[in-house]
Amino acid sequence: MKLNRNGIGWALAIVTGIVYVICRAITILFPTGSLKFFSLFIHSIDLTQLSTASQTFGGFIIGLVVSVVSAYILGWIFAWVYNRFDKK
């Protein structure tokens, strides 16, 4: 079965955008709690000791665009590689 490269790219881009917005909202609503929570994913690094930068709307938009574009490219490449190895 061949994968649609654009379909996979867009699916990953949309999901990434949604997750990015949710994560950003959580970090704004619960700054200390979110640092403690995300520290669980990075073993032996205490994120709560890091200085937190102020979150701007411009930074949010730039981060969202970079994340979504990167996810689309990654999804497209994944589907292309999958199709290259698909023997059917």
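**Close-up views of a predicted model**

At 17% relative accessibility, Phe 60 counts as buried (under 20% relative accessible area; exposed is over 50% and partly exposed lies in between, with a 1.4 Å probe and protein chains only). The model is predicted: local features need pLDDT of at least 70, side-chain atom pairs count only at pLDDT 80 or more, and totals for chains, interfaces and linings use all residues. Residues are numbered from 1 along each chain as its sequence is written, and side-chain values use heavy atoms, with hydrogens and water left out.

**View A. Phe 57 and Phe 60 in helix H3.** Phe 57 is exposed, at a relative accessible area of 63%, whereas Phe 60 is buried at 17%. The two are three residues apart in helix H3 (residues 57-85) and so are separated by about one helical turn. Helices here are DSSP runs (H or I, at least four residues), numbered from the N terminus.

**View B. Aromatic cluster of Tyr 20, Phe 57 and Phe 60.** Rings of Phe, Tyr and Trp (its six-membered ring) pair if their centres lie within 6.5 Å; planes under 30 degrees apart count as stacked, over 60 as edge-to-face and the rest as tilted. By this rule there are seven aromatic pairs. The ring centres of Phe 57 and Phe 60 are 6.1 Å apart and the planes meet at 35°, so this pair is tilted.

**View C. Packing of helix H1 with helix H2.** Two packed helices are described by the angle between their axes and the distance between the axes. For H1 (residues 5-29) and H2 (residues 31-39) the angle is about 125° and the axes are 5 Å apart. H1 is therefore oblique to H2 (under 35 degrees is roughly parallel, over 145 roughly antiparallel, 65 to 115 roughly perpendicular and the rest oblique). Axes are lines fitted to C-alpha atoms, for helices over the stretch in contact, with angles from 0 to 180 degrees between N-to-C directions. H1 contributes Cys 23, Ile 26, Thr 27, Ile 28 and Leu 29 to the contact (heavy atoms within 4.5 Å), and H2 contributes Pro 31, Ser 34 and Phe 38.

**View D. Ser 34 in helix H2.** Ser 34 is buried, at 5% relative accessibility. Neighbours within four places in sequence aside, Ser 34 is in contact with Ile 26 and Thr 27.

**View E. Buried residues of helix H1.** Gly 9, Ala 13, Gly 17, Tyr 20, Arg 24 and Thr 27 are buried in H1. The buried residues of H1 pack against H2 and H3.
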